[in-house]
Structure formats: C-alpha cells, structure tokens
Amino acid sequence: MTTALTLTAAHTQALIRRLTALADDEILIAHRGGEWTGHAPILEEDIALANIAQDELGHAGLYLGLRAELDGSDPDRLAFFRTADEYTNTRLTELPRGDWAFTMIRQFLYDTFEALWLEAATRSTYAPLAAIAAKAVREEKFHVQHTALWAERLALGTPESERRTRAALNDLWPYAAQLFQPVDGEEALVAAGVLPDLSAVRARWTDLVTAHLSGTCGLTLPGTPADPAPRSVHTGHLAPLLAEMQSVARAHPDAELW
C-alpha cells in the first residue's frame, strides 16, 4: 500500500484540500443537526439526531486529524478560527435547519453521499485514508438507514407531511450537486487510487436516492440541476452560523483547558 511518504507535494496539497472540504461539510451539518437538540418532534429522535451530529463531528475530527499528519495543522484552529471565506463546505450543509422534513431530507441526501464515498475510500491506496474510512463507514450506513426511514415516514404520512417533504426535496435538490465538485488537483489523486472517483460515486448516489425517494416514497424528483458553483461560493447563512459556532473559542483564543 502507498503511505504518506510516497505522496508528491502536489498530491499532498490536493489531499489536504479534499480532507478539509470533507471536514467542513461534517462540521456544518453537525451544527445544523445540533440545533434540534431539545426541539425535535419526539424525545427519542431528539437523542438520535444529537448522536448523528456527534458522529459527524467525529468524522470531521478524523479528516482533520489526517490533515494534521500531513501539514501539522491544528484541527481546533481550523474549525473555530477560519472565516466564511476560508471554509470550503457545500452550500447544502450551511442552509438553515428548516422544518423536520427539510432536516431529514438534507441528512438523507448528504448521508447517502458520504456513505458511498467512504465505502469507496476503504479501497484507497493511501493506507491512512482507507483506515479512517473503514472506521467511519459503519456509522454512516446507520445514518442512511435512519434518515431513509424518516423520508418514507414523512412522504407517506399525512398530506401536510407529504407537502413539506416534497417542498424540502425541491429546495434541496439543486444544492446536492455541489457534493460532487472535485477540489483542485483531485483528478491526479483519483488516477493514483488515493481518492474515490466522484463521477462513479455520483452515479451510485443517483441510483440509490432515486430508487428510495421516487420508488419507495412516491416523490417526484426535480430535474437535473445546472453545474454547481465551486465550494468557495457560499450563501449568506454561513457567516452567522460560524459567528455563533465560534463565539466561545474566539472569546477565549488562548484557552488550552476547558
């Protein structure tokens, strides 16, 4: 297997960009999920979504930890002291939490992508990435099962829950395409077997989400979205989210023990 020492300088920089993008998505969707703590529709789900959010933060820690091995960066500094212009998350993950249908459909679209990406990454020629993918993919498959059931429950529930689920899908679908945007230099890493091929991941993702949302849930999928914006383009929702998420760390930037 390939190790970190065999990566070229260009490979290393591209891998850092991909790991950071993955971590940024995890941090943002975990924060949005955490906003439901104490507000979910039922107690059991309040706890379940909080656990999913914690898992996503754990995955962010894995990605940023792997980055730290490459460039010596500090994961906490990256999470809490970068500005919106420096974050490279997708817009899908930064949108406000919306209602319960919006949160469940977003989480289903995102979790399906991540599970498929991680499953492919377990075969990476870069052993450290394959190792963390093998650790995270089990949790992510559980997330998919959980949110797929909620999508079905809401779509086939009452007329009101079906209306809200359909509206959430129409709103979120155009943003999902950005998940498959490569970072600069990613093509070379795919050719070297270090990273999964995003076009192959997208093909599997499309098959799975179409079969579930259209076939099982009876929802009509919106048309194919236009080419997505690069990850450097954000909505106006990211900056206030970061201001809230980073407020304690920025108020005490020199704190080492909590």
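**View 1. Trp173 is buried, at 9% relative accessibility.** Buried stands for a relative accessible area under 20%, exposed for over 50%, and partly exposed for values in between (1.4 Å probe, protein chains only). The model is predicted: local features need pLDDT of at least 70 and side-chain atom pairs count only at pLDDT 80 or more, while totals for chains, interfaces and linings use all residues. Residues are numbered from 1 along each chain as its sequence is written, and side-chain values use heavy atoms, with hydrogens and water left out.

**View 2. The structure holds five aromatic pairs, one of them formed by Trp173 and Trp205.** Rings of Phe, Tyr and Trp (its six-membered ring) pair if their centres lie within 6.5 Å; planes under 30 degrees apart count as stacked, over 60 as edge-to-face and the rest as tilted. Trp173 and Trp205 are stacked, at 5.5 Å centre to centre with 25 degrees between the planes. Trp173 belongs to helix 7 (residues 159–176) and Trp205 to helix 9 (residues 198–216), so this pair ties together parts 32 residues apart in sequence. Helices are DSSP runs (H or I, at least four residues), numbered from the N terminus. Trp205 is buried as well, at 4% relative accessibility.

**View 3. Phe180 and Trp205 form an edge-to-face pair.** Their ring centres are 5.2 Å apart, and the planes make an angle of 65 degrees. Phe180 sits in the loop between helix 7 and helix 8 (186–191), and Trp205 in helix 9, 25 residues apart. Phe180 is buried, at 8% relative accessibility. Ring pairs join Phe113, Trp173, Phe180 and Trp205 in a cluster.

**View 4. Arg231 and Asp25 form one of eleven salt bridges.** A salt bridge is a side-chain nitrogen of Lys or Arg within 4 Å of a carboxyl oxygen of Asp or Glu. Here the closest N and O atoms are 3.1 Å apart. The pair links distant parts of the chain, with Arg231 in the loop between helix 9 and helix 10 (238–245) and Asp25 in helix 1 (residues 9–34), 206 residues apart. Arg231 is buried, at 6%, and Asp25 is buried, at 1%.

**View 5. Arg204 and Glu119 meet in a salt bridge of 2.7 Å, N to O.** Arg204 lies in helix 9 and Glu119 in helix 5 (residues 100–121), so the pair ties together parts 85 residues apart in sequence. Arg204 is partly exposed, at 40%, and Glu119 is partly exposed, at 22%.

Key:
Helices (H or I, at least four residues) and strands (E, at least two) are DSSP runs, numbered from the N terminus.
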